[in-house]
Amino acid sequence: YLAYSRWKRELGFGAWVTDSEICLARADSPMCDFRYIKTLRAKDDSRGWDSSCAHNPTVIYDGRFFRLFYMGNHGNGDWWTHRNNQRIGEAWTDDPEGEWHFSDRPVIDVSESGFDSLMTSNPTVTTTPTGGLLMIYKGVSKNGVLPKGGDVVCGVAIADRPGEPFRKTGVPIMVTPENGWSVEDPFVWCENGRF
């Protein structure tokens, strides 16, 4: 299975933040052609926290459920409004082609202050050797000239067990002093006890 994001070509590249949706595809092996199965999360009129856009999917299997983490947002069509309303959500299922259950609020929201006080996005998640989950995510602070805000950096959040709340460590882990846009689209995995 492959979870991926897509949006209509005629909307242009910038529409990833206003019109992206998450879909599911399947192949007989990783080297075969993947075939579209269904749309997991699409734009809707609910005005919910992720009603405008679903993007940046990452999926893990925790031994019981497939867990999808993604960026969602809502807005009024203005690019910066959508960008600054990005938050991280979660969905889960025991059958990828069956019903997916989506969180009704972000699992990683913005902090009152700090490096992720304006927006959170681009989650990557792995299981830990102790049975928990470790997430690296992108954050932007309210510091700096709005609407862009502060530096684009990555932070960490940890859950003791799948399905339990994440705790943020509260400090960025990847920062480039020479460039305020330090990172983009991180990925993490655990192998032989190391991240």
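Figure 1. E90 is buried, at 6% relative accessible area. Buried means under 20% relative accessible area, exposed means over 50%, and partly exposed lies in between (1.4 Å probe, protein chains only). R67 is buried too, at 7% relative accessibility. The two side chains form a salt bridge, with N and O 2.7 Å apart. A salt bridge here is a side-chain nitrogen of Lys or Arg within 4 Å of a carboxyl oxygen of Asp or Glu. The pair links distant parts of the chain: E90 sits in strand 6 (residues 87-93) and R67 in strand 5 (residues 66-73), 23 residues apart. Strands (E, at least two residues) and helices (H or I, at least four) are DSSP runs, numbered from the N terminus. Salt bridges with shared partners join D62, R67 and E90 into one network.

The model is predicted: local features need pLDDT of at least 70, side-chain atom pairs count only at pLDDT 80 or more, and totals for chains, interfaces and linings use all residues. Residues are numbered from 1 along each chain as its sequence is written, and side-chain values use heavy atoms, leaving out hydrogens and water.

Figure 2. How many salt bridges does the rule give? The count is 11. One of them pairs E21 with R6, whose closest N and O atoms are 2.7 Å apart. E21 lies in strand 2 (residues 21-26) and R6 in strand 1 (residues 2-6), so the pair ties together parts 15 residues apart in sequence. R6 counts as partly exposed, at 32%.

**Figure 3. R41 meets both a charge and a ring.** The side chains of R41 and D50 form a salt bridge, 3.0 Å from N to O. Both residues are buried. The charged end of R41 also sits over the ring of F102, 4.2 Å from its centre. For a charge to sit over a ring, NZ of Lys or CZ of Arg must be within 6 Å of the ring centre and within 35 degrees of the ring normal.

**Figure 4. Aromatic rings pair up.** The structure holds nine aromatic pairs. One of them joins W7 and F13: the ring centres are 6.3 Å apart and the planes stand at 70°, so this pair is edge-to-face. Rings of Phe, Tyr and Trp (its six-membered ring) pair if their centres lie within 6.5 Å; planes under 30 degrees apart are stacked, over 60 edge-to-face, and the rest tilted. W7 is partly exposed, at 27% relative accessible area. F13 is exposed, at 65%.

**Figure 5. F69 and F166 meet edge-to-face.** Their ring centres are 5.9 Å apart and their planes stand at 85°, so the pair is edge-to-face. F69 lies in strand 5 and F166 in the loop between strand 10 (152-159) and strand 11 (167-168), so the pair ties together parts 97 residues apart in sequence. F69 is buried, at 0% relative accessible area. F166 counts as buried, at 13%.

**Figure 6. Three tryptophans form a cluster.** W16, W79 and W80 make up one aromatic cluster.

Figure 7. R87 is found in strand 6. R87 is buried, at 13% relative accessible area. Which residues does R87 touch? Leaving out residues up to four places away in sequence, the contacts are W49, Y70, M71, G72, P106, I108, D109, V110, L118, M119 and T120. Contact means heavy atoms within 4.5 Å.
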